[in-house]
Amino acid sequence: MSEGIVLKISDRFRDRKVEFFNDFQINLIHNSIGSTFSFNFYFDPFNEEHKEFAAPHYHTVTLEFNGEPFFRGTITNQKFRRSSKKQLASIGGYSITGVLQDSQIPTEIYPLQSVGISLASICRKVLRPFDIGLVIDDNVLAKANKVIPKTTSNNTQTVQDYLSTIAKQQNIILTSDEVGNLRLTESLTNQEPILEFDFTKEVIIPGTDFELNYNGQGMHSTVTTMRQASSKRGSNSGQQTLRNPLVIGSVVRPKVSSQSSGDDNDTRSAVKRELANDIKGVTLTITTDRWVVDGKILRPNNLIAIYDPELFLYRRTLWFIESISFTGDNIKTIATINCVLPEVYNNETPVNIFRGINLRE
């Protein structure tokens with residue numbers, strides 16, 4: 001078992017600390033309510049404790065790291081194995097809020113239409129049957145409490161789809177916190193970076209590797225959103241086009257999408273979202289044995305700054321932590337930090353980060 005990590009499995013009667021587990025993985029994901037976990041452990045089929053916490057059931061899992069709450073989730077799958085050699089059993093699942101991905105709105109809180117209430121009130125209403133708490137960050141409190149004239153779901157739509165549709169209209173991110181609440185927040189792309197790397201001054205960082213990936217196949221020279229005219233809406237047809245500055249030169253790789261509803265403002269927002277998705281083709285991955293920064297566990301929704309010509313970054317560049325995968329066994333623990341450009345989330349036009357002093361502009 002990795003030092004510093006405490007794993008507990010709970011049911012309605014008691015908490016059980018799992019002493020012998022190994023090969024764990026926790027994936028924390030920004031802009032997702034379904035962060036995931038898995039671990040292997042030695043299963044003794046004649047041990048009553050093992051039989052209780054490993055039984056196929058929706059048990060609650062709590063993880064702590066060095067005494068700090070790290071993750072709280074629900075077990076959704078178990079796997080048992082037999083071979084000529086003793087095999088470890090596996091348990092996995094997702095955040096407490098992950099159930100909202102798989103479930104429709106409970107019929108006891110119908111009707112599905114809400115009139116004149118806020119996103120915060122809608123969240124509290126639909127979360128109540130699941131016994132899930134709600135946390136609203138100060139930076140989105142006003143937007144979350146803004147009255148919405150009318151919202152409607154249908155009986156086949158999941159809770160997540162319903163809430164995320166409303167949240168996107170308010171530019172609010174749905175995620176989960178370390179103790180299992182649904183959290184309303186925003187992408188923090190204007191804060192100071194929590195880590196700074198300048199490889200023009202320092203050469204080696206033990207236990208840390210970097211990889212920059214440019215996936216040109218997934219990007220386009222221009223993205224265009226087209227809106228059809230509608231007599232019912234009384235709107236004219238139109239289109240908005242943005243150029244992707246990360247596709248350099250006279251390369252022709254157009255992308256066109258359709259907008260089925262809305263006005264000119266919605267078209268401008270839609271084409272910005274298309275460009276944001278397009279530039280996800282540029283990623284930075286950092287693999288490190290360092291889990292803690294300034295006494296706190298690394299988490300998504302933070303910035304990292306890096307200056308490294310070896311990675312074709314000829315100037316200091318900011319990166320947004322989109323997700324982190326924590327893995328470990330009885331030998332070591334590793335954090336894999338997956339980053340994208342901040343413009344993926346901040347609705348701003350990206351710049352070409354690869355242009356350097358000695359490169360042709």
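1. Strands β11 and β12 run antiparallel and are joined by 4 bridges, with β12 covering residues 182–185. Within this pairing, leucine 174 stands opposite leucine 184 in β12. The model is a predicted one.

2. These strands belong to an open sheet of 3 strands, in the order β9-β12-β11, and the pairing is mixed. The edges are held by β9 (134–136) and β11 (173–176); each has a single partner strand, so one side of each is left without a neighbour in the sheet. From one strand to the next, the twist averages 25 degrees.

3. Helix α3, residues 119–127, packs on this sheet and touches β9 and β12. The direction of α3 makes about 165 degrees with that of β9.

4. Which residues of α3 are buried? They are Leu119, Ala120, Ile122, Cys123, Val126 and Leu127. Seen down the axis of α3, these buried residues fall within an arc of 160 degrees, so they line one face of the helix.

5. Turning to the rings, a search of the whole structure finds 17 aromatic pairs. One of them is formed by phenylalanine 43 and phenylalanine 80. Their ring centres are 5.1 Å apart and their planes stand at 55 degrees, so the pair is tilted. An angle over 60 degrees would be needed for edge-to-face, and one under 30 for stacked.

6. That pair links distant parts of the chain, 37 residues apart. Phenylalanine 43 is in the loop between β4 (36–41) and α1 (48–54), while phenylalanine 80 is in the loop between β6 (68–79) and β7 (89–95).

7. Are phenylalanine 43 and phenylalanine 80 buried or partly exposed? Phenylalanine 43 has a relative accessible area of 17%, so it counts as buried, the cut-off being under 20%. Phenylalanine 80 is partly exposed, at 42% relative accessibility.

8. A further aromatic pair, phenylalanine 70 with phenylalanine 326, is edge-to-face, with 5.0 Å from centre to centre and 85 degrees between the planes. This pair also links distant parts of the chain: phenylalanine 70 lies in strand β6 and phenylalanine 326 in strand β22 (residues 313–328), 256 residues apart. Both phenylalanine 70 and phenylalanine 326 are buried.

9. Phenylalanine 70 and phenylalanine 326 are also members of a cluster. Ring pairs connect Phe24, Phe65, Phe70, Trp291 and Phe326 in that cluster.

10. A last point concerns a charge and a ring. Lysine 86 lies over the face of tyrosine 42, at 5.0 Å from the ring centre.

Key. Residues numbered from 1 in each chain as written. Predicted model: local features only at pLDDT ≥ 70, side-chain atom pairs only at ≥ 80, totals over all residues. Heavy atoms only, no water. Pairing = 2+ DSSP bridges. Helix = DSSP H or I, 4+ residues; strand = E, 2+ residues; numbered from the N terminus. Axes fitted to C-alpha atoms, helices over the stretch in contact; angles between N-to-C directions. Contact = heavy atoms within 4.5 Å. Buried < 20%, exposed > 50% of the residue type's maximum accessible area, 1.4 Å probe, protein only. Arc of directions from axis to C-beta. Phe/Tyr/Trp six-rings, centres within 6.5 Å; stacked < 30°, edge-to-face > 60°. Lys NZ or Arg CZ within 6 Å of the ring centre and 35° of its normal.
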